[in-house]
Amino acid sequence: MTTLSPENSISARRSASFILVKRKPPIDKTEWDGFFDENGHLAKSRDFICVNILERGLHPLVRTEAWKFLTGYYSWQSSQDERLTVDSTRRKNYKALCQMYEKIQPLLENLHRNFIETRNNIAYDIQKLYDKDPLGNILIDKKKLEKILLLSYVCNTQAEYQQGFHEMVMLFQLMVEHDHETFWLFQFFLQKTEHSCVINIGVGKNLDMLNNLINFLDPMFAEHLKGKGAGAVQSLFPWFCLCFQRAFKSFDDVWRLWEVLLTGKPCRNFQVLVAYSLLQMVSGQVLQESMTGDAILLACNNLIDLDADELISAACLVYAELIQKDVPQPLQDFFL
């Protein structure tokens, strides 16, 4: 084991510091526009912007454009003219993919056994979505949502459709104006987060590292999870598959956490520190009541209506604690 550098220690304390003081207002349109020069090139560093997003968040009027940078839809080095070209290209490519899908759909139905099953699963999941606001206004277009998910499934050989993707795409549809933006932002988001939210790529690794983190930071809780609470952590895979979206009180809270995950700040694989922070909310009750694995899972599923800033702050403090310790090599390799 090796001790982490003083520079990383300072970075960790800074990342956690916004819990100790009143958080500054989120980055608004005026400030965001000030990050660019007259040609639309970023005049601030990517690191500067990402740290500010971590500490402050984004105003809703800024979120769509900022997310295009965070996901990789836009290059951080691009000019305004180059971004206009990118938008045009992505619109044309999306239209071409839609036309391709219409041509090959009969072939998929006849030759690809999983296609019909997946299409039925997507239709079933979308039907369950509640698509109205408190006033009864329609929020989303379910037909467009289904089309985007089917196209994503056909085009993406790595991240096959899994339950919960329909909720993710819904949030992108609520964020942006055009279908091609919804589709491409979702694709780039999956690429950025596949090692945390895609079942057949990264979820198992996240659960293993969550177990390692509990063993290192909370040995008493870890002992209970190995005994009477066995199986609880492995049952928490929906947290990662859904990027924690069911734990929050509003869409804004979900977007707030997701944009932090996209920054890569304060560390890699921050989602595991978020999961650890959620578990710490129930650990006292678990130990006091000597809960079984099923009871632990129920307590975790009851963590709802949370505030994203409070959870992010808690996870940053876990990082600040972690970085002060003599950290085992597997945890160093995963987080630092």
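**Entry 1**

I began with D125, which forms a salt bridge with K128, the closest N and O atoms being 4.0 Å apart. I take a salt bridge to be a side-chain nitrogen of Lys or Arg within 4 Å of a carboxyl oxygen of Asp or Glu. The model is predicted, so local features need pLDDT of at least 70 and side-chain atom pairs count only at pLDDT 80 or more, whereas totals for chains, interfaces and linings use all residues. Residues are numbered from 1 along each chain as its sequence is written, and side-chain values use heavy atoms, with hydrogens and water left out.

D125 and K128 are 3 residues apart in helix α6 (residues 113-128), which puts about one helical turn between them. I use helices as DSSP runs (H or I, at least four residues; strands are E, at least two), numbered from the N terminus. I then looked up accessibility: D125 is buried at 4% relative accessibility, while K128 is partly exposed at 47%. Buried means under 20% relative accessible area, exposed over 50%, and partly exposed in between, with a 1.4 Å probe and protein chains only.

**Entry 1: further salt bridges**

How many salt bridges does the structure hold? I noted 14.

I looked up D33 next and found a salt bridge with K29, with 3.0 Å between the closest N and O atoms. Both residues belong to helix α2 (residues 29-33), where a spacing of 4 residues separates them by about one helical turn. D33 is partly exposed, with a relative accessible area of 38%. K29 is likewise partly exposed, at 38% relative accessibility.

Helix α2 also supplies E31 to a pair with R56 of helix α3 (residues 46-56), so this pair ties together parts that are 25 residues apart in sequence. The closest N and O atoms of the R56 and E31 salt bridge are 2.6 Å apart. Is R56 buried or exposed? R56 counts as buried, at 10% relative accessibility. E31 is partly exposed, at 27%.

I also recorded a network of salt bridges that links R63, D252 and E259.

**Entry 2: helices α9 and α10**

I describe two packed helices by the angle between their axes and the distance between the axes. For helix α9 (residues 179-197) and helix α10 (residues 199-217), the axes come within 5 Å and cross at roughly 50 degrees. This makes α9 oblique to α10. The axes are lines fitted to C-alpha atoms, for helices over the stretch in contact, and angles run from 0 to 180 degrees between N-to-C directions. Angles under 35 degrees count as roughly parallel, over 145 as roughly antiparallel, 65 to 115 as roughly perpendicular and the rest as oblique.

Which residues make the contact? From α9 I listed E194, H195, S196 and C197, and from α10 I listed I199, I201, G202, V203 and N206. Contact means heavy atoms within 4.5 Å. By class, the contact of α9 with α10 has 4 nonpolar, 4 polar and 1 charged residues. In this scheme Ala, Val, Leu, Ile, Met, Phe, Trp, Tyr, Cys and Pro count as nonpolar, Asp, Glu, Lys and Arg as charged, and the others, Gly among them, as polar.

I found T118 in helix α6, buried with a relative accessible area of 11%. Leaving aside neighbours within four places in sequence, T118 is in contact with Y153 and Y161.

N156 lies in the loop between α7 (142-155) and α8 (165-175) and is buried, with a relative accessible area of 15%. Not counting residues up to four places away in sequence, N156 touches Q187 and L190. I also looked up the pair N156 and M209: they are 53 residues apart along the chain, and their C-alpha atoms are separated by 27 Å.

**Entry 3: backbone geometry**

As background, I noted that most residues other than glycine have a negative phi, and most peptide bonds are trans.

The peptide bond from K265 to P266 is cis, with omega near -5 degrees. P266 is placed in the loop between α13 (251-263) and α14 (270-289).

F244, in the loop between α12 (237-241) and α13, has a phi near 70 degrees, a positive value in a residue other than glycine. F244 counts as buried, at 3% relative accessibility.

For S290 I recorded a phi near 50 degrees, again a positive value in a residue other than glycine. S290 lies in the loop between α14 and α15 (293-301) and is partly exposed, with a relative accessible area of 31%.
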